[in-house]
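Please look over the sequence and the structure below before reading on. The text then goes through them part by part.

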Amino acid sequence: MAGNGVFAEILDGEVFKYYADGEWKKSSSGKSVAIINPTTRKTQYKVQACSQEEVNKVMDSAKSAQKLWAKTPLWKRAELLHKAAAILKEHKAPIAESLVKEIAKPAKDAVTEVVRSGDLVSYCAEEGVRILGEGKFLVSDSFPGNERTKYCLTSKIPLGVILAIPPFNYPVNLAVSKIAPALIAGNSIVLKPPTQGAVSALHMVHCFHLAGFPKGLINCVTGKGSEIGDFLTMHPGVNCISFTGGDTGIAISKKAGMIPLQMELGGKDACIVLEDADLDLVAGNIIKGGFSYSGQRCTAVKVVLVMESVADALVEKVKAKVAKLSVGAPENDCDITPVVSESSANFIEGLVMDAKEKGATFCQEYKREGNLIWPLLLDNVRPDMRIAWEEPFGPVLPLIRINSIEEGIHHCNASNFGLQGCVFTKDINKAIMIGDAMETGTVQINSAPARGPDHFPFQGIKDSGIGSQGITNSINMMTKIKTTVINLPSPSYTMG
């Protein structure tokens, strides 16, 4: 159970503590933030409402701890990460339970997220030892006009304090995807988890605590964004921000100043379907891509662009599969579970009603109970409908009929998002050409969009983000190059 057993010390009465300087603490504010269970719509958990003063103390301890951690041998950093990964996987059950109750993630998917997170941490430890153990050696006479009078040695050194802000939909996995690269590279971490997902994140942090990392190296502050949000992102002690979320990221980027940013800010991932596509394969991937975790994924299929000649056949196949989706509570492993909040459900409903007013074809009856929205395929969607462009983050999928490849590419590229896209065809030449023309960070050929495996590069363009994620890219992003030049008194030529 969450907050019990080895996790008992993270809970004080009804309120979960925050983590700073190697200890679980209560906020001096005396206030807490409620976490609403999306299924029951009642308070499930409470977390500390940290103050700005407490954030200042966290930043000071993170800075001090980082200086010592940077001197820790690389193999030792990796050893501790492997230990944390093992503890995380060992205690997957209470963490998964938290995911079910605070973000309505289906039980089996919640367990998968925790196990996947442990695997990510271990892979990161191994990859970090490889790439951080290497440097470069340059000689000056490779550039015109120079003799061999200088030797240049380059290595990668940590940035300092990394502020990690993951989203509600993967509060454990997307937290460790920031924490593990930062730590192996010699940085310290200040984690600000989302409110919905905070308890899962706190349990995950405790696994790192149990692994024996130095005090102050890993910190987790909870609280209201209005109180500590901007204060954290604009704090002079922060040396890098890794953020996954929505429009808030754009505001952060404008305020952050001269520090590196790694951001993934959502998508409107388009699925282009040609006449020669395997429609059974397409239908299966539309269901997986559009409706898994109730569509609450940045890489979900967000719009289907299908050639008119095969549209009717595809719609019938997708409708048949939608009818088989189970709808209900996450504890029952249902395919479609409540979306994260009432405001999210209201936003999704607004998109649906706009499409209805403008003449979209409803392939299923629209049905909603509280935060639970039944899966819905909207056919004959037109570009004047909001759902054609806006990201619903729910189990509602628009389908637009197109008459040419160019029309599909144009719609994809007209979006202000550019995270991922996919194309279904048996013609590899067309697939490559369409993929090259799509303005997205990743193109999937004959598969739905996906972030993983976690070591693959993952990036967006336009409003979908800054920088690239993936284990190797994140490690490199959280370091900077240090150069040492040896000046020789006279030219030196090996074996000369």
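Predicted model: local features only at pLDDT ≥ 70, side-chain atom pairs only at ≥ 80, totals over all residues.

Residues are numbered from 1 along each chain as its sequence is written, and side-chain values use heavy atoms, with hydrogens and water left out.

The UniProt record, an unreviewed entry, carries the annotation "domain: Aldehyde dehydrogenase" for residues 24-483. UniProt positions are given in the numbering used here, feature names are shortened, and annotations may be inferred rather than shown by experiment. Helices (H or I, at least four residues) and strands (E, at least two) are DSSP runs, numbered from the N terminus.

E264 belongs to strand 13, which covers residues 261-264. Is E264 buried or exposed? E264 counts as buried because its relative accessibility is 4%; buried means under 20% relative accessible area, exposed over 50%, and partly exposed in between (1.4 Å probe, protein chains only). Apart from neighbours within four places in sequence, E264 has contacts (heavy atoms within 4.5 Å) that include F243, C298, L419 and Q469.

Q262 is also placed in strand 13. Q262 is buried, with 2% relative accessibility. Its side chain reaches the backbone oxygen of S468 at 3.1 Å. This is a polar contact, that is, a pair of N or O atoms within 3.5 Å; within protein, one must be able to donate a hydrogen and the other to accept it, and residues adjacent in sequence count only if both atoms are side-chain atoms. Among the residues in contact with Q262, leaving aside those within four places in sequence, are I241, F243, I466 and Q469.

S253 is in helix 8, residues 248-255. At 27% relative accessibility, S253 is partly exposed. A polar atom of the S253 side chain lies 2.6 Å from the backbone oxygen of I250. Not counting residues up to four places away in sequence, S253 touches L261, M263 and I466.

Next comes strand 22, residues 442-445, where T442 is found. T442 has a relative accessible area of 16% and is therefore buried. Beyond residues up to four places away in sequence, T442 touches L419, Q420, G421, P457 and Q459. The loop between strand 22 and strand 23 (458-459) holds P453, which a cis peptide bond joins to G452, with omega at about -5 degrees. N446 lies in the loop between strand 22 and strand 23 as well. Phi of N446 is near 60 degrees, a positive value in a residue other than glycine. K462, in the loop between strand 23 and strand 24 (465-466), also has a positive phi, near 55 degrees.

Helix 12 (residues 405-414) has G408, I409, H411, C412 and N413 as its buried residues. Their cover includes strand 14 (270-273), strand 15 (303-307), strand 20 (396-402) and helix 13 (428-437).

How many salt bridges does the structure hold? There are 22 salt bridges, each being a side-chain nitrogen of Lys or Arg within 4 Å of a carboxyl oxygen of Asp or Glu. Side chains of opposite charge can pair when their charged atoms come close. D230 forms a salt bridge with K255, the closest N and O atoms being 3.1 Å apart. Because D230 lies in helix 7 (residues 225-233) and K255 in helix 8, the pair ties together parts that are 25 residues apart in sequence. D230 is partly exposed at 41% relative accessibility, and K255 is partly exposed at 37%.

Another salt bridge joins the side chains of D379 and R401 (2.8 Å, N to O). D379 lies in strand 19 (residues 376-379) and R401 in strand 20, so this pair ties together parts 22 residues apart in sequence. Both D379 and R401 are buried. Salt bridges with shared partners join E308, D312, D379 and R401 into one network.
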